[in-house]
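Subject: Structure handover

Dear colleague,

Please find the structure below, together with its sequence. My notes on it follow directly after.

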Amino acid sequence: DENGDINYFEPKSINPTKEMIVFFKGKAKKIVINDPLLYDNLNNIGAGKGIKFLSTMNNLMRNAYTTVSPTFWLTNFQRDAGMNFLINVMEDRPDIAVKTAKNIGPAKVGITKALAGGKGKWVDIYNDFVEQGGKMGWIESQTLEERKANLENRIKSMQNPSQLKEGFKFIADTIEGINTVFESSTRLATYKALLDSGYSKKRASQIAKNITVNFNKKGAKGGFFNSFWLFWNAGIQGNFNSAKNSVPIKGDSSKRKLKKLAFVSSLMGTGYIVAKMMRADDEEQYDRMSDYQRFTKLMIPYG
């Protein structure tokens with residue numbers, strides 16, 4: 001309430017299998033959900049609890065590799081832009097793929113201005129994109145006690161500021177801001193391209209958020225598995241997206257099956273040709289490369 005005290009809204013009767021309390025503009029309403037799977041997902045926010053000490057360690061490692069890494073913005077942008085283009089093409093949206101590529105530059109500028117508190121056309125588009133839920137965010141399942149402890153730690157840090165700690169925080173926040181620009185730019189560019197092609201805001205934000213890996217999408221045991229395996233969720237979604245757009249499945253039209261076959265053949269063929277050319281250029285040096293390098297990197301000989 002206005003004094004910061006917690007008030008609990010407990011109706012006299014609530015069915016724990018299909019009813020839940022939802023707040024609309026501060027007013028509690030009892031909602032009946034007749035779809036069991038939908039109810040379970042909404043009630044648990046789709047994020048299972050992980051093992052605390054493993055989750056903490058993996059969070060530190062994840063941040064070191066991603067949000068606070070000064071080179072992550074480049075490699076992640078390359079992957080996002082390439083996968084974004086391919087998925088749009090494979091989903092029969094080649095016009096969106098082209099428009100997205102054209103929008104990426106202005107999208108970066110717009111997000112940068114928005115983060116700096118500026119104004120402009122693309123700032124408004126970005127704010128609208130965030131309003132529609134398209135921006136990637138982190139949902140962490142925490143108890144009331146955990147939230148209270150985190151808040152107390154933040155207050156203590158503010159009361160006893162350390163110049164060294166603040167300096168590190170400033171550097172980390174700056175790097176994270178740069179990564180946010182590049183992480184969101186391809187999604188925002190897709191969002192604008194879809195709007196220009198007649199898609200509704202809700203549908204455009206949904207497609208843009210799921211165009212590569214949606215980090216807010218977790219299974220009921222997602223938190224548990226993520227605490228054991230770094231980037232487990234991202235790996236599952238990445239492989240699923242690749243398979244969905246490359247493996248013919250029941251229900252695909254003949255045209256779509258041929259497109260998938262052509263897509264896979266072109267990737268495998270290109271990889272094979274590049275490998276043969278490199279091995280022919282310097283067989284001894286190529287054979288010295290590890291299998292890991294050959295299977296995961298695109299090698300470009302020079303000099």
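This is a predicted model: local features need pLDDT of at least 70, side-chain atom pairs count only at pLDDT 80 or more; totals for chains, interfaces and linings use all residues.

Residues are numbered from 1 along each chain as its sequence is written, and side-chain values use heavy atoms, with hydrogens and water left out.

The second largest pocket holds about 330 Å³ of space (a pocket is an open set of points on a 1 Å grid over the protein atoms alone, where a 1.4 Å probe fits, with protein on both sides within 12 Å along at least five of seven lines; lining residues have an atom within 4 Å of a point). Its lining has 17 residues, and those closest to its centre are Asn210, Ile211, Lys217, Asn241 and Lys244. Helix H10 (232-244) and helix H8 (201-209) each give two or more residues to this lining, with H10 giving the most, 5 residues (helices are DSSP runs of H or I, at least four residues, numbered from the N terminus).

Met57, Met61, Tyr65 and Phe231 make a nonpolar surface patch of about 390 Å² (residues with over 30% relative accessible area and no salt bridge, nonpolar side chains joined within 5 Å; a salt bridge is a side-chain nitrogen of Lys or Arg within 4 Å of a carboxyl oxygen of Asp or Glu; areas by Shrake-Rupley with a 1.4 Å probe).

Phe231, in the loop between helix H9 (222-226) and H10, has a positive phi of about 65° although it is not a glycine. Asp92, in the loop between helix H3 (72-90) and helix H4 (94-115), also has a positive phi of about 65°.

Kind regards

Technical notes:
Grid points are joined across faces, edges and corners, and a volume is the space filled by probe spheres set on the points. Patches are made of residues with over 30% relative accessible area and no salt bridge: like charges are joined within 9 Å, nonpolar side chains (Val, Leu, Ile, Met, Phe, Trp, Tyr) within 5 Å.
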